[in-house]
Amino acid sequence: MPISDYLREIRGLVGHRLLLLPSVAAVIHDEHGDVLLVKSAAEGRWSLPAGGIEPGETPEEAVRREVAEETGLAVRSTRLLGVVGGQDYRVTYQNGDRVEYTVAVFACTVDQAELTAVDGEVSAFDWVEPSTVSERLDLPYPGQFFHHPTAQPTRGN
């Protein structure tokens, strides 16, 4: 669902004014350690599977719901990687809506794997090497969020 009923109601009251939105994002690794990115059908931007927290929902519930809606994957959060926000997380959408996200970013493990666009919000998926994820994203998530927790450091000669 591109915009929740809750956010649609708020937008009806405030128009395109800047809204501060509590949000979540998921860092999901495949068996090779690559990170899942999704491409927005509406904006054409690459992002982590992510979205807003709904009223009454915990951040962990929100990340499971958002990942399922965007990717069809059933996930569980394994740890909180960090919380980011501020002016660097402001976005103006094509329709003029302005938002500033505060994002709780979770490492997630896939419990059920059948990657498919479910809600029409995502037009493509890509598995990206952790060291190149940041350059693909519009939002400046810290690069250390993308390192696979079991990855071993590369040894020099």
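A: Arg8 is partly exposed at 45% relative accessibility, and Asp5 is exposed at 54% (buried means under 20% relative accessible area, exposed over 50%, partly exposed in between, with a 1.4 Å probe and protein chains only). The model is predicted, so local features need pLDDT of at least 70 and side-chain atom pairs count only at pLDDT 80 or more, while totals for chains, interfaces and linings use all residues. Residues are numbered from 1 along each chain as its sequence is written, and side-chain values use heavy atoms, with hydrogens and water left out.

Arg8 and Asp5 form a salt bridge of 3.1 Å, N to O (a side-chain nitrogen of Lys or Arg within 4 Å of a carboxyl oxygen of Asp or Glu). Both lie in helix α1 (residues 5–14), 3 residues apart, which separates them by about one helical turn. Helices (H or I, at least four residues) and strands (E, at least two) are DSSP runs, numbered from the N terminus.

Arg76 and Asp111 also form a salt bridge, with 2.9 Å between the closest N and O atoms. This pair links distant parts of the chain, 35 residues apart: Arg76 is in strand β5 (residues 74–84) and Asp111 in strand β7 (residues 98–112). Arg76 is partly exposed at 41%, as is Asp111 at 49%.

Glu100 meets Arg90 in a salt bridge of 2.5 Å, N to O. Here strand β7 contributes Glu100 and strand β6 (residues 90–92) contributes Arg90, 10 residues apart. Glu100 is buried at 11%, whereas Arg90 is partly exposed at 39%.

Salt bridges also link Glu57, Arg65, Glu66 and Glu69 in a network. The structure holds 9 salt bridges.
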